[in-house]
Amino acid sequence: MKINTKAVHSGDRKKPGPYVPVTTPIYAASAYSYASMEQLDRIFGQEESGPCYARYDTPTAGALEELVAALENGPGAQSCASGMAALHLAIMAALADRPKSIVAANAMYGATVGMLMNILEPSGVEVAFADACDIAAFRAAVETARPGCILVESISNPLLRVPALDTIAQIAREAGAALVVDNTFATPLILRPLELGAHFSVHSLTKYLAGHGDVMGGAVVADEGHLPIVRGLSRTLGPVLGPFEGYLTMRGIKTFPLRMERQCANACRIASWLAAHPKVERVFFVGDPSHPDAASIRRLFPPNLFGAIVSFEVKDAGREEIFRFMDALRLVVRATSLGDVHTMMLYPPMSSHREISPKHRERMGIRDNLVRLSVGIEAPEDVIADLEQALG
Ligand SMILES: Cc1ncc(COP(=O)(O)O)c(C=O)c1O
């Protein structure tokens with residue numbers, strides 16, 4: 001089935017019975033009873049499938065996991081309470097029986113860098129950063145570190161770099177490392193990392209998949225070999241997604257391909273407009289024909305789907321001018337997060353990359369005049385009119 005069909009049907013109507021709810025309800029129970037102790041024993045022992053305790057599994061989360069795995073063409077998924085919990089789970093599973101060492105892309109979400117430097121490194125995991133878009137440098141870093149895990153974003157936050165995932169998967173295989181890809185910005189409509197050789201594809205469900213700004217969640221899609229490790233870690237550690245959030249996320253995903261197509265089209269239009277604006281210094285957009293990673297984008301991306309984030313630098317602006325510009329917005333929402341139906345703008349040094357020191361941010365290329373626009377499904381001319389008046 002095509003992704004739009006899967007988005008509407010996968011995971012639902014699995015429970016046999018005299019009647020079948022057309023969509024998966026919220027199963028709010030924390031534990032489940034069965035007809036006999038014999039059967040409950042089989043369920044606990046995982047010889048028979050079925051929920052027994054909500055930390056292990058719930059029918060709502062189970063249906064969502066089936067849905068997310070279907071979108072990614074993966075064998076299964078584990079849902080989590082946030083994207084960060086999902087990333088942590090994937091990294092733990094990747095390192096479970098490998099050297100405790102990670103080579104990560106140097107362009108990534110601030111909290112991910114924070115987790116690597118402030119939590120994993122002090123706990124004994126070796127962490128090295130390298131430019132994932134410079135294949136020779138990245139390969140050299142992997143050969144030096146011999147890591148157990150390689151971590152990259154399929155479209156980086158916030159400067160929208162696109163590593164050659166197929167080549168990086170090859171480098172990971174040669175090094176015996178597991179490749180974890182944060183696919184939040186690209187979404188499975190654009191890229192499905194497991195098809196390119198990754199071992200894990202991770203999502204902040206909070207973003208495009210749920211899509212309405214009303215839910216927090218994450219998911220790890222893992223290959224056959226790693227799925228039982230992910231599930232085992234999750235059963236014990238319990239970073240699980242609640243049934244209410246699972247329900248909202250499934251509801252959101254039904255329109256995800258439609259929303260995403262529209263958001264990508266709107267982003268193209270807004271990026272072109274920004275590029276011609278005299279107060280805009282530089283525009284970062286995956287659909288820009290002169291993008292530094294154009295070769296990977298041409299090879300890996302479907303036509304005309306470049307994601308829906310546009311970052312840009314405002315000419316001669318610092319923090320004060322950016323605050324003034326953003327305070328003047330009337331339609332575009334000043335908020336962190338991305339991927340919602342409404343267009344929103346964030347100032348990375350204040351939010352997504354706040355945990356990173358100014359020096360490190362500068363090395364990452366994140367300047368004080370950069371803003372990140374997550375384009376929604378509104379009429380693009382209304383968003384453009386708002387940007388115009390606020391830049392004015
Ligand atoms: C690329 C990326 N990955 C992961 C996350 C973390 O997701 P969550 O906020 O759901 O934990 C974010 C959050 O902004 C993100 O931008």
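Author: A charge is said to sit over a ring if NZ of Lys or CZ of Arg is within 6 Å of the ring centre and within 35 degrees of the ring normal. In this predicted model, local features need pLDDT of at least 70 and side-chain atom pairs count only at pLDDT 80 or more, while totals for chains, interfaces and linings use all residues. Residues are numbered from 1 along each chain as its sequence is written, and side-chain values use heavy atoms, with hydrogens and water left out.

Reader: Which residue lies over the face of tyrosine 56?

Author: Arginine 235 does, at 3.8 Å from the ring centre of tyrosine 56.

Reader: How many aromatic pairs does a search of the whole structure find?

Author: Rings of Phe, Tyr and Trp (its six-membered ring) pair if their centres lie within 6.5 Å, and planes under 30 degrees apart count as stacked, over 60 as edge-to-face and the rest as tilted. The search finds four such pairs, and one of them is edge-to-face between phenylalanine 285 and phenylalanine 306, with 6.3 Å centre to centre and 80° between the planes. Helices (H or I, at least four residues) and strands (E, at least two) are DSSP runs, numbered from the N terminus. Because phenylalanine 285 lies in the loop between β8 (280-284) and α12, and phenylalanine 306 in the loop between α12 and β9, the pair ties together parts that are 21 residues apart in sequence.

Reader: Why is the pair of phenylalanine 312 and phenylalanine 325 edge-to-face?

Author: The ring centres of phenylalanine 312 and phenylalanine 325 are 6.2 Å apart and their planes stand at 65°, so the pair is edge-to-face. Phenylalanine 312 belongs to strand β9 and phenylalanine 325 to helix α13 (residues 319-327), so that the pair links distant parts of the chain, 13 residues apart.

Reader: Is phenylalanine 312 buried or exposed?

Author: Buried means under 20% relative accessible area, exposed over 50%, and partly exposed in between (1.4 Å probe, protein chains only). Phenylalanine 312 counts as buried because its relative accessibility is 0%, and phenylalanine 325 is also buried, with a relative accessible area of 5%.

Reader: Where is asparagine 73 found, and what is its phi near?

Author: Most residues other than glycine have a negative phi, and most peptide bonds are trans. Asparagine 73 is found in the loop between α3 (59-72) and β1 (76-80), and its phi is near 55°, a positive value.

Reader: Which residues does a cis peptide bond join?

Author: The cis bond joins asparagine 157 and proline 158, with omega about 5°, and proline 158 has its place in the loop between β4 and α7.
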